[in-house]
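This report looks at how the parts of a protein model meet one another. Please keep the sequence and the structure in view while reading.

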Amino acid sequence: MSGRDWLMATALAASLVSCEPRDTGVVTLRFWALGREGEVVKDLVPEFERRNPGIHVDVQQIPFLNAHEKLLTSCVGGTTPDLAQVGNTWIPELTSLGAIAPLDERVRGSATIAPTDYFPGIWDTNVAGGALYGIPWYVDTRLLFYRTDLLAEAGFPEPPRTWSQWLEAMRRIKARQGPGRFAILLPVDEHEQPVILGRELGAGLLRDGDRYGDFRSPAFRQAASFYVGLFRGGLAPAWSNSQVTNVYQQFAAGDFAFFITGPWNVGEFRRRLPPAMQGKWKTAPMPAPDGSHHWPGVSVAGGASLVLFRASRHPEEVWKLVEFLSEPAVQVRFHGLTGDLPPRASAWGFPSLAGDAQTAAFRAQLEQVAPAPKVPEWEEISVQIWQSLEPAIRGRESVDDALADLDERVDRILAKRREVLAGRRAHVR
Amino acid sequence: MSAEAMAGSSIAAPRRALPSEVRAAWLFVGPGLAIIFLFFLLPIAAALLLSLTDFDLYAVADWRNLRLVGFENYSHLLRDPLFWKAMRNTVYFVLVGGPLTVVVSLAAALMISSRLTRFPGIFRTAYFAPAVTTLVAVATVWRYLYHPRFGLLNHALGMIGISPIDWLGDTRWAMPAIILLSIWKNFGANMIILAAGLQSIPEPLYEAARLEGAGWWRQLRDVTLPMLAPTFLFVAVMTCIGYFQLFAEPFVLTRQGEPLNSTLSVALLMYKQGFRFWHMGYAAAIAFVLFVVILAATTLQVRLAKRGEA
Amino acid sequence: MKRPVATFFLHAALIVTALLTILPLVWMIMASLMPAGEASSEPPPFFPSHVTFEHYRELFVRLNLGRVLFNSAFLATAVTVLSVLLNAMAGYAFAKLRFPGRGRIFGFLLGALVLPSQVAILPLFLLMRQLGLISSYWGVILPGMATIFGIFLVRQYALSIPDELLDAARIDGASEARIFAGIILPLCRPILITLAIFTFLGTWNDFFWPLVVLTDDAKYTLPVALANLFGEHVQDTEMMMAGSVLTVMPVLLLFLFLQRHYVQGLLMGSVKE
C-alpha cells in the first residue's frame with residue numbers, strides 16, 4: 001500500500017471513532033445493571049418501553065467481580081451512565097464523590113414510591129448526610145440455612161433462637177458427625193459473619209462519628225470471641241471461599257449443618273441439591289445473643305439500590321424507570337426471575353412470596369437489619385476485618401491482639417476522613 | 001556494551017549535518033518522541049510526584065483535599081505486612097519460576113537445534129503457540145485444568161496414584177500453579193531467542209571438541225554454554241524483569257490474590273490499592289518501589305554475569 | 001542414520017513435550033464443542049460426546065461478540081498501522097539522520113526500557129481523563145502509537161542500509177520524505193512486517209489497559225469481554241471455552257501464517273546485545 005493509502009485509512013479510522021449517534025427524538029437511557037440482575041432486567045425493559053414510547057433503555061450488564069472498580073473509574077473518568085444498580089454499601093463513596101443526585105424531592109412527589117412501605121433498615125442504607133440518594137431495588141440479608149434432619153437428630157426439632165441454644169446444637173451435631181465434618185461453614189475471608197454477630201450485640205463498629213475503629217468495644221469483643229471460638233472448638237473449618245470446592249455438594253453430604261448466607265441461595269439450593277435433600281433443609285432467622293435481646297438477632301442490611309447520576313441529561317426519564325422498577329407488581333415479577341427479595345412490604349403480600357416457606361424467615365429477618373457504617377472507606381475496612389481475625393482463627397494470635405491490630409489499621413484508614421471532617425480542608429460533602 | 005557506545009556506533013565517517021537534514025530528522029523523530037514523552041515518560045514522572053501525595057477519593061471529589069506527604073507513603077508501605085507478603089510472593093515467583101522457565105527454554109532450544117532433529121519447524125511452532133495466546137483466554141482454560149475434581153491435571157495425577165490437589169484453593173499450591181502456567185506460556189519465546197544464539201555458535205568449535213573426545217555433555221559445558229552466555233544473559237534478564245511485573249496471572253486465575261493473599265503480587269497489590277480503594281498516591285509509591293527492585297535485580301544479574309566471565 | 005538410539009529418545013522427548021504444550025489449547029477447542037455441562041464431569045472427558053456449536057451461537061448473541069471482535073480487530077489494526085509508521089520514522093532518523101543530541105536521546109530511551117509500564121497506568125488514566133479520552137478508542141490508540149522497543153528494532157535494522165545509497169539520492173535532489181518512502185520503507189520491509197506482527201499481537205492480547213480505559217461495553221475488546229464473561233459464568237465451562245477459542249484462534253492462525261517473520265524479528269532484536 002502506498003503512503004497515501006495509509007493516510008486515507010487513518011482518516012477513515014479517525015472519522016469512525018469520532019462520530020456521534022444521531023439525534024432521533026427518542027431518549028436513550030444507559031442503565032448499568034450488575035451480574036444476574038443485569039441479564040434479567042432486560043426482560044422487564046420491554047414493558048417499560050411499551051408504556052413510555054419515547055424512551056429506550058440500553059441495559060449494560062456488568063459482572064460483580066469488578067463492578068465496584070468500574071463504577072468508581074467511571075465517576076473519575078466522567079463516563080457515568082444515567083442509572084445504575086449499586087450495592088447499597090457503596091452509596092457513601094458515591095455521595096462523597098458527588099456523583100449521584102439526591103432524591104428526596106422526587107420521592108415526595110411520587111405516587112409509586114412510598115417510604116413507609118419499605119423495610120426501615122433497608123431504606124436507611126440509602127440515606128447519607130441526611131439526604132436520600134438511592135431507592136432500594138432488592139434486599140439481601142444473611143441468615144441461617146440448616147439441615148433439619150441433622151438438627152432433629154441432635155435433639156433440636158426447632159431451630160435455635162439464642163446463641164447458647166445454637167452453640168449446644170452445634171456441639172451435639174459435631175459430636176455426632178465426627179472428625180472431618182463440622183457443624184457450621186464460616187468462610188474465613190468473609191466479614192459479614194463477625195459483623196452480624198457484633199451487630200447483634202449492638203456493637204457500633206466505628207465510634208466518634210465514624211472517625212475511629214471501635215472493634216475493642218465490649219460488644220464486638222464478645223462477638224469476636226464467640227466467632228473465633230467456633231473455629232477453635234472445631235465446630236467450623238478454617239476454610240477460605242476458594243477452598244470450598246462445592247458448597248452444595250458438601251451441604252448435601254453433611255459436611256456441615258449450618259450455613260449463613262443470603263436469598264440467592266434459596267433458588268440455588270432448590271436447583272442444585274439432589275431431590276432427596278429437598279425436604280431436609282430450611283431457613284431460619286439469626287439467633288439472638290440471649291433472652292434479653294430481641295429475636296431475631298440483627299443481621300446486615302444488604303442489597304442493591306438504584307441511583308441516578310448527576311451528570312445524566314435525562315433525569316426525568318430515569319426517574320420514570322426507577323418508579324417502574326419499584327412497582328410492587330414489577331418487583332414480584334423480578335423476584336420470580338431472580339429470586340431476589342423485594343424491599344417493599346406490600347410486595348411480600350403477593351402469593352408467590354407469601355406462600356414460600358423458605359423466604360418466610362427472610363421476611364422476619366428484614367425487620368431486624370442494620371446498615372454498615374456509612375463511610376466511603378467501608379469497602380476497605382470490611383476487608384481488614386476478616387484479614388485481622390484470620391490469625392486469631394488459626395490460633396496464631398489472641399483475639400485481643402487481633403482486635404487491637406484491627407483498630408490500629410482502621411484508625412489509619414480513617415485518618416484522611418478525620419482530617420477532612422476537621423475542616424482543615426472543609427471540602428467534603 | 002554501554003548504551004552510548006551502541007548509540008554512537010553507527011557514525012562511520014563524521015560529516016557535518018546539513019540544516020535540511022536536521023530539520024527532517026526532527027520531523028521524523030518528532031511524532032514518535034512526542035507520543036513516548038506524553039504517554040509514557042510524563043505519566044511516569046507524574047507517578048513519582050503522585051507517590052509523594054495522599055491522592056485518594058477525597059482528592060478526586062475536590063483537588064483541594066490533596067496533601068503533599070513526602071515519603072510517608074513509602075515509610076508506610078515498608079511497614080505494611082501485606083506489602084511484604086506481596087513482595088515475598090513475587091520474589092518466590094521470580095526465583096522459582098524464572099530459572100525454571102529459562103531452563104525449560106534452554107532444553108527446548110537445544111532439542112530443536114540438534115542436528116538429529118527432523119522437522120524442527122513443527123516443534124518450534126508447537127512450543128511457541130502458547131506465547132501467542134491471550135493470557136485471559138488461556139487462564140480460563142487452565143482454571144478448569146486445575147479444578148480439583150473435574151480438571152485434567154488431577155485426573156492425570158490420579159492415574160499415577162497421586163491424590164487430588166486443590167491447586168487454586170490451597171495456599172501452598174496456588175503459587176506453584178501460577179508458576180506452571182507461566183512456564184507454559186513463556187518458554188516458547190525464550191526458546192526462539194536461545195535457538196538463534198545456538199545457531200550462531202561456529203561449528204568448528206564443536207568439531208574441535210569432538211576431536212578431543214568430548215561427549216555430548218562436555219560439548220555442552222565447554223562450548224555451548226560459554227558461547228551462549230550473552231544470549232542467555234539477555235533471556236534471563238528479560239524474564240526476570242517480566243516476572244517481577246507479575247499481574248495478569250493472579251488477576252485472572254486466582255481471583256486477585258486468593259487464596260488468602262498467597263498469590264498476591266506487588267503489581268496486583270498496586271492495582272487493588274489504586275483502583276479498588278483509590279489510594280492512588282500509595283499505589284504509585286508501590287509501583288516505584290517495584291521499579292527500584294527490578295532495577296537492582298537487573299543490575300545484580302548483569303554484574304554477576306560479568307564477574308563470571310572474568 | 002547415525003546414532004539411532006539418541007535420535008529416538010530425542011524425538012520422543014520432542015513429541016511428548018509438543019503434545020503437552022498444545023494439550024490445553026486442544027482441550028479448549030474440544031470443550032467448546034461439548035454440550036453444556038459435559039466438561040464438568042468426573043472423570044473429565046477429552047472428546048465431546050457429540051459436537052455442538054450452540055455455545056458459539058450463544059456467544060454471538062449474548063455477548064454481542066460481533067461487535068467485540070470488531071473492536072479488537074479495529075484497535076489492533078489502527079495501532080499497528082500508526083505505530084509502524086511512527087516507529088519507522090523515528091528508527092530511521094536515529095540510524096541515519098544526524099541531529100544534535102541523537103546519541104544521548106537514544107541512550108536515554110534505552111535506559112527507559114527498564115521502567116515497568118504499570119508505574120504509568122494511574123497517571124496515564126488521569127491524563128486521559130483530562131483529555132476526555134476515557135472510553136474512547138483514542139484512549140487505547142494514542143499510547144500505543146510509538147514504543148521504545150519498536151524504535152529500537154527499526155533503528156538496529158536501518159543501520160545496515162548503506163549511506164552511499166542515501167547520499168546518491170540526495171545528490172539527485174530527492175527530498176527526505178521521498179527517500180524515506182521510496183528507499184527506506186521498501187528496504188526495511190522485513191523488520192516492518194515483524195514489527196507489525198508484534199504490535200498486532202500485543203494490542204490484540206492487551207488486557208489491562210483496555211480494561212481500565214474502555215468503560216463503555218460497546219467498545220470492549222475480546223480479552224476484556226472474556227474476563228467479564230468469566231466473572232459471571234464460571235459455571236458454564238463450555239461457553240467460556242468457546243469464548244477463549246474465539247480470542248485465541250485468529251491470532252494463532254495469523255501467527256502460523258506469518259511465523260517466519262516473527263521469529264526472524266525476535267532474533268534481530270536480541271542477539272545484538
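Two parts are said to be in contact when they have heavy atoms within 4.5 Å of each other. The model is a predicted one, in which local features need pLDDT of at least 70 and side-chain atom pairs count only at pLDDT 80 or more, while totals for chains, interfaces and linings use all residues. Residues are numbered from 1 along each chain as its sequence is written, chains are lettered from A and ligands numbered from 1 in the order in which they are written, and side-chain values use heavy atoms, with hydrogens and water left out.

**Two domains in chain A**

The domain assignment, whose bounds come from an automatic or database source, divides chain A into domain 1 (9-140 + 301-365) and domain 2 (143-300 + 374-421). The centres of domain 1 and domain 2 of chain A, taken over C-alpha atoms, are separated by 30 Å. In chain A, 22 residues of domain 1 are in contact with 23 residues of domain 2.

The buried area, meaning the accessible area (1.4 Å probe) that two parts lose on being put together, summed over both, is about 1,800 Å² between domain 1 and domain 2 of chain A, and carbon and sulfur atoms give 58% of it. On the side of domain 1 of chain A, the residues that lose the most area to domain 2 are A:Gln358, A:Phe362 and A:Gln365, which together account for 37% of what that side buries.

Across this interface of domain 1 and domain 2 of chain A there are 9 residue pairs in polar contact (both at pLDDT 80 or more); a polar contact is a pair of N or O atoms within 3.5 Å, where within protein one atom must be able to donate a hydrogen and the other to accept it, and residues adjacent in sequence count only if both atoms are side-chain atoms. Helices (H or I, at least four residues) and strands (E, at least two) are DSSP runs, numbered from the N terminus. The elements that give two or more residues to the side of domain 1 of chain A that touches domain 2 are α4 (91-96), β6 and α16 (357-366) of chain A, and α16(A) gives the most, with 6 residues.

**Salt bridges**

A salt bridge is a side-chain nitrogen of Lys or Arg within 4 Å of a carboxyl oxygen of Asp or Glu, and by this rule the count over all chains comes to 34. Some of these pairs are set out below.

| Pair | Closest N to O distance |
|---|---|
| A:Glu105 and A:Arg108 | 3.0 Å |
| A:Arg142 and A:Glu192 | 3.4 Å |

A:Glu105 and A:Arg108 are separated by about one helical turn, because they stand 3 residues apart in helix α5 (residues 104-108) of chain A. Residues are called buried under 20% relative accessible area, exposed over 50% and partly exposed in between (1.4 Å probe, protein chains only), and both A:Glu105 and A:Arg108 are exposed.

A:Arg142, by contrast, is buried, with a relative accessible area of 11%, and A:Glu192 is buried at 16%.

**Chain B between its partners**

Chain B meets chain A through 32 residues of chain B and 34 residues of chain A, and the two chains bury about 3,000 Å² between them, 55% of it on carbon and sulfur atoms. There are 5 salt bridges between chain B and chain A, and a network of salt bridges links A:Lys416, A:Glu419, B:Asp54, B:Asp56 and B:Arg67.

The contact of chain B with chain C takes 86 residues from chain B and 110 residues from chain C. The area buried there is about 8,900 Å², of which carbon and sulfur atoms give 79%, and B:Phe28, B:Phe39 and B:Tyr144 supply 9% of the area that chain B buries against chain C, more than any other three residues. Between chain B and chain C the count is 0 salt bridges.
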